[in-house]
Structures are given as C-alpha cells and as structure tokens.
Amino acid sequence: MFNLFKRPPALTFPPLQLFNTETRSIETFIPLRDNHVSLYSCGPTVYDYAHIGNLRAYVFVDTLKRTLLYNGYVVNHTLNFTDFGQLSSDEDFGEDKMMKGLKREGYDISLDAMRSLGDTYIAAFKTDLETLNIIPATQYARASDYVREQINLIETLAEKGYSYETSDGVYFDIQKYPNYGRLGNIDLESLKAGARVNINLEKHHPADFALWKKAELGWDSQWGKGFPGWHIECSAMAFATLGKQIDIHTGGVDHIAIHHNAEIAQCECATGKPFAKYWMHNEHLHINDEKISKSLDNGLILPDLLERGYTGDDYRYWLLQTHYRTRVSFSFEALDAAKQALRRLKQLMFVEWQGERGKLNLDKQAEMVALINDDLNTPRLIAFMQDITHNEALTKGERKALLLECDELLGIGLSDDAEEGLAALGQIAFTDLPTSIQTMVDNRQAARVAQNWEESDRLRDALMLAGYAVKDSSSGPQVTKI
C-alpha cells in the first residue's frame, strides 16, 4: 500500500468530491474502511505499444491516486495486464488480440510465446508510466497468473445457476441478474434490438457474455481446454488482490456499457454484495475528430512524442489542461503551447527562484486542495498555478512552496532536483561550467559590481561566441548552453 505524502494531522481539507458513473452524480468520497482506499484500474492488453490515447487513462488514475494520498489516504492499487483472452470486440467475437500480436511478430502460436510477447509490451508500458511520472501500482496483476482464480469464480457462478454451457463456451445469463446494465443506464431491449444477426444463436440473450471460451490453445477446465473470458479476468484479479468489495474502479468510458457491467454482474452474483462503491471513467482522446485507436492506425505512441523533442512532462501537462471527463482533441500545436507554458514554470522553479523555497501559505494551500478535491479539477488547478506565479502579495519563496505542493498533485516535474530541472531546460548548473567559461562568468560579474558596463558587455558577447547565454537575476548569473 502506498502513502507518499504526509500531511500534518491537525490540517483539514475541504471534502473530496468525485463523480460516480453509477449514480451519475458528484458524491463526497467516503471509503469503506477508515482512511484506506482499495483502487482497481483496468490496464492494457499487452499485444502492442500503448498509444497516447490509452495513456490518458493512467494519467487520470495517477491524478486520482495523488489526490487521495494528498488527502491522507493509504492507497492499495491494482492495475492489471491482459495477456490473453481479449477478443477484438467486447461482444465475444473477432480475433484474440494476443493472437494477433503473435502473428504480427512471427511468434509460434503457444502459451509460452504469448507470455513472451506480453513481457515485451509490459516492459514498454512500464517505461511509459515512468516517463509520465506515474506512481507505480501497489501490485500489477497479470491475467495469466490468475487463471486458477478465474476458473474458481466461474465455478461459483455455475453452482449458483448464473451460467450455461454452449458448444463454444460458458456464458453468463444476464436475465438472471435484473440489475444488469445499471452502469450507464444500459437498456437490455435496445441491446437485443441492436444485436448482430447470426452471432451465436445458442446464447439465451444477445448480451450474454463469455465466462469461458473453448479453444485448442489454453488451459484445462471442467468445460474442456480453453481460456477465461476477458470480463472474468478483472473480477478475479480484483478479488484476489483487493478483496470482494472495493472502493474505486476506474477505466475508460468505452468500458462502461459491457466490460464494467459484466464485472458488476459477475462479482455481485458470486458474493451477494455490492462490488465497487465508486466507478470513475475518463473520456477519449481524439485526433482529427476520430478516436485514437490501433484499429484505425492513427495511434501515436509516447516514444513518437519523445523523438519530436517533447517530454513526458509536456504531454502530461497538456492532458491535465482538460478535465478527465471531457473529450479532448490532440494536435501538435496544442502540445507546443503546453510545452512552452510548462517551460516557463520550470524556468521560475529552477532558475529565477532557485533555492528560494519559503513558508507554505496555508490559506492558499486550502484553496489549492479545494480545486483538486472538486472531482480532480486539474484545469482550474493549473489556472491557480499561473495566478500564483504573478501574485506579488506572496514572496518568491512562498510562491515556489505553493507550486511544489501543486506538483505533488499534478506530477509535472516541478519537484525534480535542480540538476534534472536545469537539464530539462537545456541549462547547465553554475558549478558544472567548463573552467574557461566559469572564469568569464566570474569576471563579468566582477565587472558588473564595478559598474564597468563596457567590460560586462564584452564578456557577455564572448560567452555568446563560446555557445553560452547569460541572464542576470537576483540570485546571480544564470547560464544557458545555446
């Protein structure tokens, strides 16, 4: 369990308010157990690199986690990896995504090869998370490590009469769970009317979903060889790592209609208890008015942005300028603007206000927390930061202290150490300059003290010719490699 930030016990904040997809309303967050929060996040299917649209979900979850931690909660967080069993459609048809990855990369078709493919893209995904300053999950749950737990859960549902077997698998009978579709207010009759023609006529209802799919490749079970359905994977992993009831379940809005309604049905029928108290979902990211999708072949990946000279901080800052429940359209022009705005903040933190952290203004801190506690309102928090930078009623040290607090919530790199911060700006720490350059800087500073402006200008020009720009500030000369 993870508790990164420690607040003084006497300090109280405005209550945390979160939008619950199930009730479609803002609710005051009250955990199931004291100050402990169990959090489950739907993770990637590891058959390919995560694109920048996928990564929005994990920046959202990280912002949620940082907010919970800042409010003094201890967070037990599971993020899963799907490394088998997710078909190209949530409606139990189409090609298995991991099989697609094996064929694309020339692997043999085997469980060992599937595991190896997953290893590659799990490692790449974790690198992306690190680049984006995302706090690691308490545990990463890999679906292929929990097959026994998934089979046990299917057996429980079968024993309770919620499933039936067909020639191609085992299905959950949604008509035996009257509350099916309550997340997102899904109408079962509309699902029936919109069902595809001639798709598995053995199903009792078109929206019945697979608990087990029979196949030549897979694991042994009482229903024959095969693999668990995608939806049962998350339920079993949540139970195994967090317990039968959890506080918060997150995912993208595309998970609401089928995947998360299926999870609710499975879990609550198996236990007879409510599963997740709060359901939270992030909106999609679009390019050219289209959702970013591997199937549409329009999915930029994070290394693409890095190769163009952007940083993980730049992309994260750009994402946080839009509320997590608002659809956002990506453009490089917008990312450029975010990069410049973040660069200005880092210039203040690592150059102009270097070494000037002052006392934290508690009234402003409470204002900051009120913003993030309003359903993770990161756009307003970023506006608050910009206001702070210009607030001359506060000292530079007080402003820096507040921005550092904001960075605990936003994770945009303002809390980096000075060397990393200067490197991000393309600057060199004063003590790391070559001896000849350091001598010119010292001589120029001496000339300025003596008000010998002609010599000061000459040395400034000499530094420029040598590839260094110098800027004078209240804390001394700041040198940039150009």
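Which helix holds both K364 and E367, and how many residues apart are they? Both sit in helix α11, three residues apart, or about one turn of the helix. Keep in mind that this is a predicted model. Here's a quick tour of its salt bridges and nonpolar cores.

**Salt bridge within a helix**
- The side chains of K364 and E367 pair up in a salt bridge, at 3.5 Å from N to O.
- K364 is partly exposed at 22% relative accessibility, and E367 is partly exposed too, at 38%.

**Salt bridges between separate parts**
- The overall count is 23 salt bridges.
- D119 pairs with R142, with the closest N and O atoms 2.7 Å apart.
- D119 belongs to helix α3 (residues 111-131) and R142 to strand β5 (residues 139-142), so this pair ties together parts 23 residues apart in sequence.
- D119 is partly exposed at 39% relative accessible area, whereas R142 is buried at 8%.
- R325 bridges to D375, and here the closest N and O atoms are 2.9 Å apart.
- R325 is in the loop between α9 and β14, and D375 in the loop between α11 and α12, so the bridge links parts 50 residues apart in sequence.
- R325 comes out partly exposed at 35%, while D375 is buried at 2%.

**Nonpolar cores**
- The largest core has 106 residues, and F172, Y315, W318, F330 and L381 touch the most other members.
- Beyond its neighbours within four places in sequence, L381 contacts M368, L371, I372, C406, L409 and L410.
- Another core of 19 residues lies apart from that one, with L18, F29, L68 and Y73 among its members.

Definitions and conventions:
Residues are numbered from 1 along each chain as its sequence is written. This is a predicted model: local features need pLDDT of at least 70, side-chain atom pairs count only at pLDDT 80 or more; totals for chains, interfaces and linings use all residues. Side-chain values use heavy atoms; hydrogens and water are left out. A nonpolar core is a set of buried Ala, Val, Leu, Ile, Met, Phe, Trp, Tyr and Cys residues joined through side-chain atoms within 4.5 Å. Buried means under 20% relative accessible area, exposed over 50%, partly exposed in between (1.4 Å probe, protein chains only). Contact means heavy atoms within 4.5 Å. A salt bridge is a side-chain nitrogen of Lys or Arg within 4 Å of a carboxyl oxygen of Asp or Glu. Helices (H or I, at least four residues) and strands (E, at least two) are DSSP runs, numbered from the N terminus.
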